[in-house]
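Here is a short report on one protein chain. Have a look at the model, then read on.

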Amino acid sequence: VADMGDPRVRDVNRRVLLAHCEIAEQTGKAEWHLSVRDVERLARVSFPTARKANARLVESGILTRGRESTCKSAQAWRWGEHAQSY
């Protein structure tokens, strides 16, 4: 993940990833819906930080955006091609 050398960024990425893991496990599906606000709440980070961490996780291949959502506030997510290595 980008900037993984910085311990603060690493911690934020970990917390955001754990938020995704929690929701994915609860839904039991390969694709789940999670808004940035939900990530913010679950990971206990600010809105801009949650948005940037999601982008870093997508960029690294751990997460990928799922199909277009009919809901404007939540994004569909799936595990990316590099999720197995983490």
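## A helix residue and its surroundings

Arg 41 has its place in helix α2. Helices here are DSSP runs of H or I with at least four residues, strands are runs of E with at least two, and both are numbered from the N terminus. At 55% relative accessibility, Arg 41 counts as exposed. Buried means under 20% relative accessible area, exposed means over 50%, and partly exposed lies in between (1.4 Å probe, protein chains only). Arg 41 and Val 16 are 25 residues apart in sequence, and their C-alpha atoms are 9.8 Å apart in space.

The model is predicted: local features need pLDDT of at least 70, side-chain atom pairs count only at pLDDT 80 or more, and totals for chains, interfaces and linings use all residues. Residues are numbered from 1 along each chain as its sequence is written, and side-chain values use heavy atoms, with hydrogens and water left out.

## Overall plan

The protein chain holds 3 helices and 3 strands. Along the sequence they follow the pattern α-β-α-α-β-β. Of the 86 residues in the protein chain, 36% are buried. Contact means heavy atoms within 4.5 Å. Among contacts between residues at least 6 apart in sequence, 49% join residues at least 24 apart.

## The sheet

The 3 strands form an open sheet in the order β1-β3-β2, with antiparallel pairing. β1 and β2 (63-65) are the edge strands, and each pairs on one side only. Neighbouring strands of this sheet are turned by 40° against each other on average, direction ignored. Two strands pair if DSSP finds at least two bridges between them. Strands of a sheet pair through backbone hydrogen bonds, either parallel or antiparallel.

β1 and β3 run antiparallel and are joined by 4 bridges. Trp 32 has Trp 77 of β3 as its bridge partner. Helix α1 (residues 7-27) packs on the sheet and touches β1, β2 and β3. The direction of α1 makes about 120° with that of β1.

## An aromatic pair

How many aromatic pairs does a search of the whole structure find? The search finds 1. The ring centres of Trp 32 and Trp 79 are 4.7 Å apart and their planes stand at 50°, so the pair is tilted. Rings of Phe, Tyr and Trp (its six-membered ring) pair if their centres lie within 6.5 Å; planes under 30 degrees apart count as stacked, over 60 as edge-to-face and the rest as tilted. Trp 32 lies in β1 (residues 31-34) and Trp 79 in β3 (residues 75-79), so the pair ties together parts that are 47 residues apart in sequence. Trp 32 counts as buried, at 1% relative accessibility. Trp 79 counts as partly exposed, at 34%.

## How the helices pack

Axes are lines fitted to C-alpha atoms, for helices over the stretch in contact, and angles run from 0 to 180 degrees between N-to-C directions.

| Helix pair | Angle | Axis distance |
|---|---|---|
| α1 and α3 | about 85° | 9 Å |
| α2 and α3 | about 105° | 9 Å |
| α1 and α2 | about 110° | 9 Å |

α1 and α3 are roughly perpendicular to each other. So are α2 and α3, and so are α1 and α2. Angles under 35 degrees count as roughly parallel, over 145 as roughly antiparallel, 65 to 115 as roughly perpendicular and the rest as oblique.

In α2, Val 36, Arg 37, Val 39 and Glu 40 meet Phe 47, Ala 50, Arg 51 and Asn 54 in α3. Asn 54 is found in α3 (residues 47-59). Is Asn 54 buried or exposed? Asn 54 is buried, with a relative accessible area of 3%. Leaving aside neighbours within four places in sequence, its contacts include Val 16, His 20, Leu 63 and Trp 77.

## The nonpolar core

A nonpolar core is a set of buried Ala, Val, Leu, Ile, Met, Phe, Trp, Tyr and Cys residues joined through side-chain atoms within 4.5 Å. The largest one has 16 residues; Val 16, Trp 32, Leu 34, Val 45 and Leu 57 touch the most other members. α1, β1, α2 (36-43) and α3 each supply at least two residues of this core. α1 gives the most, with 5 residues.

Leu 34 is in contact with residues including Ala 19, Ile 23, Leu 42 and Trp 77, with neighbours within four places in sequence left aside. In soluble globular proteins, nonpolar side chains tend to be buried together.
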